[in-house]
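This briefing accompanies the sequence and coordinates shown below. Please read the points with the structure open, since they follow the chain from overall totals to individual helices.

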Amino acid sequence: METAKRLDYHSLMGLTLIPFFIAKTTSKQVYMDYYLSPTHRQRFELEIKNSQFITTVCRTRGRDAAKQFIAEIRNEFPDANHNCWAFVAGAPNNVHLWDQSDDGEPKGTAGKPMLNVLQHSDFGEITLVVTRYFGGIKLGAGGLVRAYSQAVQEALTQTEYENIYPRRPVQLKIAYPLLGKVEYWLEQSDIEVTDKTYSDSIILDLAVIERTWPEQQAALTDLCQGSLTLIEPDNV
């Protein structure tokens, strides 16, 4: 696992999200094979004109996990005026796992600006709930957009995160005598073994990182002296 890191505020504000690309201080686009995700549930507070904005951040894999987290925060703050939320519950470029809610704030003043900040942050597998306790001073539509945007921006700059490398499935078919040394080799690598099937041979279901897989495939082939069968995603 990567050491937990925090995002610099100026880096966050300078990012322009293009699926798995990141633009920083130059116009040159650099390919990224990972995205950022919180290491654990975290909470940050912000006060604007007597209103309290409490932002809770959590890593969520999939829409169901995101909705469950949102429900937990609502139960934790049942007396709040609003529990607005936004999530990117998968890789940043998976639009099917984006969603947001104003939770009673004027339409378009909370959830949408929150999601907009997320879309430009290179975070994925993340849900944020901004809990608001009204402080007696109305902010107006423009003020609400700025407040919810600021709450998310400041939370993301303080969030401890790790790099997430998207994986794809590969099946490895080997003879029984090879199992011991193959398993030992896999334990030393970044490959995840998701399943194991025993029949006339052994089939290992692997989750591999695109960036490192080509060299690992060659190393496995050498290790087994060519006595293996690899089944790539299109055929799994």
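What percentage of the 236 residues of the protein chain count as buried? In this predicted model, the buried share is 47% of the 236 residues.

**Overall architecture**
- The protein chain is built from six helices and 14 strands.
- Taking contacts between residues at least 6 apart in sequence, 69% of them join residues at least 24 apart.

**Helix H4**
- Helix H4 covers residues 140–158, and because its 19 residues should span 27 Å at 1.5 Å a residue, the 27 Å separation of its end C-alpha atoms agrees with that expectation.

**Packing of H5 and H6**
- Helix H5 (residues 179–187) packs with helix H6 (residues 213–223) at an angle of about 155°, their axes lying 11 Å apart.
- Angles over 145 degrees count as roughly antiparallel, and H5 and H6 are therefore roughly antiparallel to each other.
- The crossing in which H5 passes H6 is right-handed.
- On the H5 side, Lys 181, Val 182 and Trp 185 take part in the contact, meeting Gln 216, Ala 219, Leu 220 and Leu 223 of H6.

Terms used:
Residues are numbered from 1 along each chain as its sequence is written. This is a predicted model: local features need pLDDT of at least 70, side-chain atom pairs count only at pLDDT 80 or more; totals for chains, interfaces and linings use all residues. Side-chain values use heavy atoms; hydrogens and water are left out. Helices (H or I, at least four residues) and strands (E, at least two) are DSSP runs, numbered from the N terminus. Buried means under 20% relative accessible area, exposed over 50%, partly exposed in between (1.4 Å probe, protein chains only). Contact means heavy atoms within 4.5 Å. The expected span of a helix is 1.5 Å times one less than its number of residues. Axes are lines fitted to C-alpha atoms, for helices over the stretch in contact, and angles run from 0 to 180 degrees between N-to-C directions. Angles under 35 degrees count as roughly parallel, over 145 as roughly antiparallel, 65 to 115 as roughly perpendicular and the rest as oblique. A crossing is left-handed if the near helix is turned anticlockwise from the far one by less than a right angle, and right-handed if clockwise.
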